[in-house]
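Here is a short report on charged side-chain pairs and the strands around them. Look over the sequence and the structure first.

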Amino acid sequence: QVHLVESGGGLVQAGDSLRLSCAASGRTFTNGAMGWFRRAPGKDREFVATIDIVDRAAYYADSVKGRFTISGDNALNTVYLQMNSLKPEDTAVYYCALLRSGRVRDGNDYRYWGQGTQVTVSS
C-alpha cells in the first residue's frame, strides 16, 4: 500500500510561482513513474508531468513545457512540481500519482493517487 499526500497549493496572481510537493509513504517501488495530473472545472483530467523512477527521465504536457519542472529526492519519496509563470488557465486541482506499469501520460494506468491540492491563479 502507498499513501500520497500533496501540499503547496494556494491562491496566486498571474505570473507568480508555486512549488507543489508530494510525499509518499508505505510501500516503495524500484521502477515505474511518479506523475502530476490536474482537473479543472468542466474539463477532463489532464496529464501535466511525469518522472521515471529508474532513470529520472521527465516528460511534460505541451501546455506547461518550459514553465513547470518535475523533480524529486533520490528515492522519489518526495516529488515536486515547480510551477513558474502561472496563468489563469493553470487553475485546477493538482494530483500526484504512482504508476507501477503502463503509459506514463495515461492517468488510467496510475494505481495510487493523492487527495489533490487546489491551485488558483487570478489575473
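## Basis of the model

The model is predicted: local features need pLDDT of at least 70, side-chain atom pairs count only at pLDDT 80 or more, and totals for chains, interfaces and linings use all residues. Residues are numbered from 1 along each chain as its sequence is written, and side-chain values use heavy atoms, with hydrogens and water left out.

## Salt bridges

Side chains of opposite charge can pair when their charged atoms come close. A salt bridge here is a side-chain nitrogen of Lys or Arg within 4 Å of a carboxyl oxygen of Asp or Glu. The structure holds 6 salt bridges.

One of them joins arginine 103 to aspartate 106, at 2.6 Å from N to O. Burial is set by relative accessible area: buried is under 20%, exposed is over 50%, and partly exposed lies in between (1.4 Å probe, protein chains only). Arginine 103 is exposed at 54%. Aspartate 106 counts as buried at 17%.

## The network at arginine 38

Arg38, Glu46, Arg67 and Asp90 are linked in a network of salt bridges. Arginine 38 bridges to glutamate 46, with the closest N and O atoms 2.8 Å apart. Glutamate 46 is partly exposed, with a relative accessible area of 30%. Arginine 38 is buried, with a relative accessible area of 5%.

Arginine 38 also forms a salt bridge with aspartate 90, the closest N and O atoms being 3.0 Å apart. Arginine 38 lies in strand β4 (residues 33-39) and aspartate 90 in the loop between β8 (78-83) and β9 (92-99), so this pair ties together parts that are 52 residues apart in sequence. Both arginine 38 and aspartate 90 are buried.

Strands (E, at least two residues) are DSSP runs, numbered from the N terminus. In β4, 6 of the 7 residues are buried, so the strand is largely enclosed by the rest of the structure.

Two strands pair if DSSP finds at least two bridges between them. β4 and strand β5 (residues 46-52) run antiparallel and are joined by 6 bridges. Arginine 38 stands opposite glutamate 46 in β5. The hairpin of β4 and β5 has 6 residues between the strands, and glycine 42 takes a positive phi near 80° there. β4 also pairs with β9, antiparallel, over 7 bridges. Alanine 33 has leucine 99 in β9 as its bridge partner.

Terms used:
Helix = DSSP H or I, 4+ residues; strand = E, 2+ residues; numbered from the N terminus.
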